[in-house]
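Please look over the model below before reading on. My points follow in numbered form.

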Amino acid sequence: MSDSEDDKPLYKRVAPKAPTPIQTPVKIETHDQAFPQKPTNSSADGSKVANVKRSNDRPVKRNVKQEADQDNTPLAKKRKQSNGTTVKKESKPVKKETLADTTSAAASLKRSVSSTTSQKATTAKKAKTAEPAVKETKKSKKAKEEEEEEVYRWWEEDSQKAEDGDDSIKWTTLEHNGVLFPPEYVPHGVKMKYDGKPITLTPEAEEVASFFAALLETDHAKNPTFQKNFFRDWQEVLKQDPRNPEIKEFDKCDFRPIWEKFELDKEKKKQATKEEKQKAKEERMKTEEPFLYAYVDGRKEKVGNFRIEPPSLFRGRGDHPKTGTLKKRVTPEQVTINIGHTAKVPEPPAGHKWALVAHDQTATWLATWKENVNGSFKYVFLAASSAWKGQSDMQKFEKARELKKYVKKIRENYTAELRDKLSETRQRATAMYLIDRFALRAGNEKGDDEADTVGCCSLRYEHVDLIPPNTLKFDFLGKDSIRYENSVDVDIQVFKNIKIFKKQVGPGHMIFDRLTTVGLNKYLNSCMKGLSAKVFRTYNASHTFQQQLDKLTVPTDPISDKMLSYNRANREVAVLCNHQRTVSKSHAQQIEKIKDKIRALKYQNMKLKRQILTLEPALKKKKPELSAEDPDLTEEWMIEYEANLVEKEREKIKQKFEKQNEKLKADGEKPLPESELKERLKAANEMEARLKKERKTGKVACKPTMNVEKLKAAIEKTDAKIKMTIVQETDKEENKEIALSTSKMNYIDPRISVAWCKKYNVPLEKVFSKTLIEKFRWAQNIDDSWIYNE
DNA sequence: TGGTAGACTTAGAACGACTCAG
DNA sequence: CTGAGTCGTTCTAAGTCTACCA
């Protein structure tokens, strides 16, 4: 490793390319073929080997817990009990409240006065401009404009504490109006068919059937696992009421009538008048309004997802064993609210109560519940633009920048440890190499009830092929079952190590059998405080971006070209992180369209050239390129194209004729006779004949005003257009499966973008959407000399 | 120690609004 | 003015990672 290079992210030392007009994705090697989209079931042999998983009997345990109610709703971090800042498990909301109230010692440490006085006093004092809490739903209209301005500029305060420790106090007072439940189910009464006959279902059964019907035209409905899980759960619901017919076979079900009803509804919604739409929107806004904002220490903050997720069929990604399972309606009894102990507790819907009202000051969630499909927790958090999210976002990037100081040493360490005799250490070093160079995720182990996807630590034998002398070929499904396919040259010792590990564990087993993400992260944490595997992804992504941006930006370029460079740098990062999207359904069609456009332009060009030759036949010898044939312009295509041209011409004439007639009619005059139309259509016929002749003879006459010079200029113009369109096509093709947004949103330090915009006078809005601007508010007051790494 | 709960970030799909060529 | 295509937002699934517990 050369000295000058060793602090660059190692992931791809590609020979520096001249900035070509169209950047090809710089994967180290293959990657040329479109990823066989959506990994669906491409897995090599699909067989999971039993002993891969280290756990076995989890599900049962989980269910038991789930069943019990109130008592085991998420108990805000028990670990903190010692100093009494959090809730404990015991029971009943009411009790809890008083309990927390009296025991919140930590709360009274900071800003104790306000937190112990009444809620009203708190709000009034802390936020002179803010409305007295969320409840004032009525008068907030006019306040709207002011609201926008009330951004808490926390990044300008010097009290930027190191704020590590996850159990730190996050707030003193917290007010909000809870969550918005989805509306009750309203039966539509449309009868689906079973065995060809219409059937009547109870509302409960109809609801579930409708979930499926709505997806009828999607891939989900065709997925056997999805069908199976849905059908099982639906039958459960059907059985609960004897009024439901007996439904035994999925294949006899016809959900089409319901699907059609939904289509009709959509159509109607589209057709609605402006006023109706406006009214619906206003209504929606009105119900949402109370939930839009929370008050943290008196400061107004936007809430992210205040809606309780509506019931539906679980749409697991990839080969998820539970996909299609019924996700049940969430009741208030399952929802825990987290709120200041002096704040007014939001009313649960009439006749209901909350699972628990917590006052956990170490947490940033406003509400939480446990979902029934996977038993995982769902949370209501503040929006990305909030101080809480912003601060942790900034910390994330600061952590990544800090890594810069350590990375050289860390790389030296793991490079040396590639030869360690302790296999544990050697595995760790090898994994580090992969994480650092190829931005792999850590790769926690997963259960049997989840899709089989892997990251670095959980890579199995079949996921990496060895191609001597030192090439590794990765092929596995990563997060979201996105396929990672990449062939890379690696350090010879890494190659050897993988070979040894593979041999030791055998097919079906994890390559790093002595390594866990916990162990890896513990090691990393000892290298640098707060360091974990994911920081490398952030670091390498941001570093790559900065580097690419520097390389590609041409200061004298117009803004549009600078943006092109920006997006290319962004694309580099997206490729590094393997951020993909499904190719849009119409992609092929769109490409075809562009190709047609190119051909049409080429056709035009060919005609122009022929005009020159017709004017000056002598040029034929001198300039052979004028008579060169373009392989794109086949005889077959030209015939069709010309037929089209003629047809269009006819249409045009007809339309003009009709328009004229209409006008005459309106003026009370008599219309032109049909014979007139016929006369005019002769022009099109002549055109047809002329084109045909031109094609045969190759001679094309031009307008008398034309000369060779002018024709040449015209050719140049179309040539330029052709080039542009080709660029467009390539760009589209290359971008079809790359998603830029994820890296922009999560991995690229926004300050790099801000500095770049300032330096090159590009408006920030060109680079960030409105929401990103809000999210990255904290990054916007740096000066243009800011650099990712000093 | 290893498994798990819990909280928080990261991810693509789906959806809705906007835009621009025809 | 319309519809296809794009862009931005919303939704929620799927990761990471730490503290805690047996």
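1. The negative patch. Four residues, E651, E658, E662 and E674, form a negative surface patch. This is a predicted model, so read every point here with that in mind.

2. Who supplies the patch? Which helix gives the most to the negative patch? Helix α19 does, with three residues. That helix covers residues 635-666.

3. A closer look at E651. This glutamate belongs to the negative patch. E651 sits in helix α19. Is E651 buried or partly exposed? Its relative accessibility is 36%, so E651 counts as partly exposed.

4. How many disulfides does the structure hold? The count is zero. Take C457 as an example. A disulfide needs the two sulfur atoms within 2.5 Å.

5. C457 has a relative accessibility of 3%, so C457 counts as buried. C757 has a relative accessible area of 5%, so C757 is buried as well. The cut-off for buried is under 20%.

6. A cis peptide bond. Next, the backbone. Most peptide bonds are trans. The bond from P468 to P469 is cis. Its omega is near 5°. Where does P469 lie? P469 is in the loop between β13 (464-467) and β14 (471-477).

7. Positive phi at D480. Most residues other than glycine have a negative phi. D480 is not a glycine, yet its phi is positive, near 65°. D480 lies in the loop between β14 and β15 (483-489). With a relative accessible area of 37%, D480 is partly exposed.

8. Positive phi at S481. S481 also has a positive phi, of about 60°. S481 is not a glycine either. Where is S481 found? Look in the loop between β14 and β15. Is S481 buried or exposed? S481 counts as buried, because its relative accessibility is 4%.

9. What to check on screen. Find the patch residues, including E651 and E674. Then find the cis bond from P468 to P469. Finish at the loop between β14 and β15, where D480 is placed and S481 is found.

Methods. Residues numbered from 1 in each chain as written. Chains lettered and ligands numbered in written order. Predicted model: local features only at pLDDT ≥ 70, side-chain atom pairs only at ≥ 80, totals over all residues. Heavy atoms only, no water. Patch = residues over 30% accessible without salt bridge, like charges linked within 9 Å, V, L, I, M, F, W, Y side chains within 5 Å. Areas by Shrake-Rupley, 256 points an atom, 1.4 Å probe, with all protein chains shown as cover. Salt bridge = Lys/Arg side-chain N within 4 Å of Asp/Glu carboxyl O. Lys, Arg positive; Asp, Glu negative; His and termini not counted. Charge placed at Lys NZ, Arg CZ, Asp CG, Glu CD. Helix = DSSP H or I, 4+ residues; strand = E, 2+ residues; numbered from the N terminus. Buried < 20%, exposed > 50% of the residue type's maximum accessible area, 1.4 Å probe, protein only.
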